[in-house]
Each structure stands twice: as structure tokens, then as C-alpha cells.
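User: Hi, I'm new to reading protein models. Could you walk me through this one?

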Amino acid sequence: MRDALLIALYAFAGAAVTGLAGACALRLIRRRSLTASLAVVAAVGVVAMLAGTLAVAWAMFLSPHDLSVVTTVVAMAAVVSLVTALLLGRWVVARSRELAVAARAFGDGGAFAAPGGPATAELEDLSRELAATSARLAESRDRERALEASRRELVAWISHDLRTPLAGLRAMAEALEDGVAADPARYLRQIRAEVERLDGMVGDLFELSRIHAGTLPLSLSRVSLYDLVGDALAGAGPLAREHGVRLVGERVAPVPVEVDGREMSRVLGNLLVNAIRRTPPDGTVAVAAERTEEGVVVSVSDGCGGIPDADLPRVFDTGWRGTDARTPPAGAGLGLAIVRGIVEAHQGRATVRNVPGGCRFEVTLPAAP
């Protein structure tokens, strides 16, 4: 029993010294190739066995013949272990390089395609993560391109919409200055109307910039949706009478919501103004509000005749005005973008769909407890 304990102690001492040396070697080459690390690990296992054997032989527990036999066996095992480690290391390194090339491709703007052939479980997991990241990056690039195109269109439309009233204001101011205006009072009223329109456009741009920057301040309070819709209908009444459009708000439930009353009034006002301007005379704009399983839904239906299916996904884009809305008083295409921004700031969503004779804009808000 005592001899067995001494043999174990000597073998452990020799293997421990080898293991410590191997750990130091791994630390020194930790930035080198994986092949070198695998070779060190394989060498540590074999050398640890040899060191333990030599320690036991030095303690005279082995005969010279037995020592030579064990040394030969260990040497053969060392050769096989090192060759296996080198082959495994080269295979893993080759797979890693293929993965790096594929990752570099999607980093340059392409799509990630996992290299073919077998791989370790860790490399397979990494390939799946890179594929998911590539898909997210592609979606992000598409959104960025769409936003950039929207910005360019917005700048072009805003420039056009600003240039026209400014040219009119200059002409009227020059006419008043030269004293050639036949009706100065009419000119002054027109100047005031154009200035108010420009002020509204600048206000919309400022509101949209705060929405995009995520700095839109909200003062939430508990209000009745019936009161919000009633105030919005009263405010849009004069415009509806001017266009000969009927406003209907009969299906509005007195549902409580926690919203910023001022911002939500702007949402409803924008939707009603947009619906009235797109509805022909003698048409009807209907407003409804009800509680559903998803929350509180406010809808505004008009008689515009519908929106082309290809344009439906772009209705809420910044600067989008459709093909028949290039001239005033259509505005700069900011109203519906502001609607979506305010609604999303309230943790809601804004959608649009075609209905017989027109389209329906729906705003879904979280229901108040």
C-alpha cells in the first residue's frame, strides 16, 4: 500500500511540473494560432506521462528494461498525439479563415453565406449568429436607403413649396411698395395667409425633427376619447363646410385614455384635414372610436377613392404626398409622418387600409386601466 502511494505521489509530482510548464507555454502563445495551442496541449499530456514515469523510475520502482519499454510506448503515443493535434488545429484554423472571409463579405455590404462543409458546434453557432446579424444589417441598410430617399424628396418638395409663396410675397410686397396695388387690403390679407401657411410648415418641420430625435415631450393625463374626438370635429368643421364634406362622429365611445391631449388633438386634426381635402364635395368623413382586445382604436374613414396598393406602405413616410398632391394646399407631406411619430411615442401604432369608396386610417392606443 505504501509503495502504491509513493508511486502515485512521484507520478503526480512529475505530471504537475509538466502541467505548470505547459500552462506557461500556453500563456506565452495565447495570441498565436490555435494549431500551436493544440500541439502544446497534446505535448503536455504525453510529456506529463513521461515525466511521471521517469520520476517513478528514478525512485527505483521500475527496472531498466521496463523503463525502456514504457519510454518507447510513450514516444509513439507522443508522435500520434502531436500529428492528431496538428491535423485538428489546421482543420479548425481553415474553417475559421473561411468564416472570416464570409464575415468580411457581409461587412462590405454583401450578404453572409456560411461556408460549406462540416464544422464544430461552436463554429456552427457563430455562423448562425453571423447570418442573423447579416439579415439585420441588410434590413438596416434598406431602411437607411429609404430614409435617405425620403429626405431627398422632402428637401425637394419643401424647396418647391417655399419658393412659390416666397415669390408671391415678394411680388405683392413690391406692388405695395411701388403703389401699384389695386386693392392693398386684399394684398395684405393674402400676405397674412401665406405667412401663416409658411409658419405652419416650419412648425411641422420642427415637430418632426423632435419626433425623429426622440425628444418629443409628452404630458400624459387621463382624458375621454369622446371629448378629444368632439374637439377635433369642431375644429375641422369650418374646413369641411368649405369643401362641402359631411363630418360624422356617431360611433365614438367614451373610452378613457392616458395621452398628451395637445399632441393627440394634433393627430386627430391632421387625419381629419387630410380626409376632408381628399374627399370630393358631398362626400362623408366618418370618425369612430371603440375599445378592442388590442387597445383603443380611433378610425377616420374618407371618400378619396382608395390608395394604390403599391403606395400604402409609404403613406406615413416623411415627405410622401402621393401622385396627385404636388401643389398647395396639399402641404409638404409631413402631416401623416407627424401622426405616426406622435402615436408611436404613445406606444401605439398608426395604420391605413382601403375600404369601399375610400380609405380608413386607424390609430391604436393602449387602453387606460
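**Reading the fold**

Analyst: The chain has eight helices and seven strands; helices (H or I, at least four residues) and strands (E, at least two) are DSSP runs, numbered from the N terminus. This is a predicted model, where local features need pLDDT of at least 70 and side-chain atom pairs count only at pLDDT 80 or more, while totals for chains, interfaces and linings use all residues. Residues are numbered from 1 along each chain as its sequence is written, and side-chain values use heavy atoms, leaving out hydrogens and water.

User: How much of the chain counts as buried?

Analyst: Buried means under 20% relative accessible area, exposed over 50%, and partly exposed in between (1.4 Å probe, protein chains only). Here 33% of the 369 residues are buried.

User: What span should helix α7 have?

Analyst: The expected span is 1.5 Å times one less than the number of residues. For the 18 residues of α7 (residues 261-278) that gives 26 Å, and the end C-alpha atoms are 26 Å apart, so the two agree.

User: Which residues of α7 are buried?

Analyst: An α-helix has 3.6 residues a turn, so residues three or four places apart point the same way. In α7, the buried residues include Glu263, Met264, Val267, Leu268, Leu271 and Leu272.
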